[in-house]
Amino acid sequence: QLTRRETLFNLYKVFQRVLKAFGVKLLGGIPISGVSQKPCEKDEMTVCLIINTAEYCRETVGPLGETIAKTLDKPFSDSVDMTSEEDEFSGVITKALSVLVSSVESRLDSELANMVRAKWDVVEAV
């Protein structure tokens, strides 16, 4: 028979530790291009994959905690909280989206500047 007491609670603590470490690892995997360095498409793809992974983790961490809390006996179930792990993945998503937006902006800067300088009054059809 499976335990619903301390052993499962200790497993929950391991999940917390590993999920937090995974969030830190994802955050460290976000490529940050230097100011003089043009962002590349590969870096943008990596950032998109990190965003996707972090979103999945954030969405599944809460239900994991709820399932563990339902399974544990009363004195242990009150201590189950995966909020900080969800916040960890939310932080990864925020940072990655910021890097992605900056990258896309820098790639489009010259084209947007050309659009602003265009003589739109002489264009007959847009």
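Rings of Phe, Tyr and Trp, the last through its six-membered ring, count as a pair if their centres lie within 6.5 Å. The legends below describe a predicted model.

**View 1. Helix H1 and its span.** Helix H1 covers residues 6–28.

**View 2. The buried residues of helix H1 and their packing partners.** Leu 8, Phe 9, Tyr 12, Gln 16, Leu 19, Gly 23 and Leu 26 are buried in H1. The helices against which the buried residues of H1 pack are H2 (41–71), H3 (74–77) and H4 (83–117).

**View 3. The aromatic pair of Phe 9 and Tyr 12.** By the ring-centre rule, the count comes to 3 aromatic pairs. One of these is formed by Phe 9 and Tyr 12, a tilted pair with 5.4 Å centre to centre and 40° between the planes. Phe 9 and Tyr 12 are about one helical turn from each other, because they lie 3 residues apart in helix H1. An α-helix has 3.6 residues a turn, so residues three or four places apart point the same way. Both Phe 9 and Tyr 12 are buried.

**View 4. The aromatic pair of Phe 9 and Phe 76.** Phe 9 also pairs with Phe 76, again in a tilted arrangement, at 5.5 Å centre to centre and with 40° between the planes. This pair links distant parts of the chain, since Phe 9 belongs to helix H1 and Phe 76 to helix H3, 67 residues apart. Phe 76 is buried, as is Phe 9.

**View 5. The aromatic cluster.** Phe 9, Tyr 12 and Phe 76 together form one aromatic cluster.

Notes
Residues are numbered from 1 along each chain as its sequence is written. This is a predicted model: local features need pLDDT of at least 70, side-chain atom pairs count only at pLDDT 80 or more; totals for chains, interfaces and linings use all residues. Side-chain values use heavy atoms; hydrogens and water are left out. Helices (H or I, at least four residues) and strands (E, at least two) are DSSP runs, numbered from the N terminus. The expected span of a helix is 1.5 Å times one less than its number of residues. Buried means under 20% relative accessible area, exposed over 50%, partly exposed in between (1.4 Å probe, protein chains only). Contact means heavy atoms within 4.5 Å. Rings of Phe, Tyr and Trp (its six-membered ring) pair if their centres lie within 6.5 Å; planes under 30 degrees apart count as stacked, over 60 as edge-to-face and the rest as tilted.
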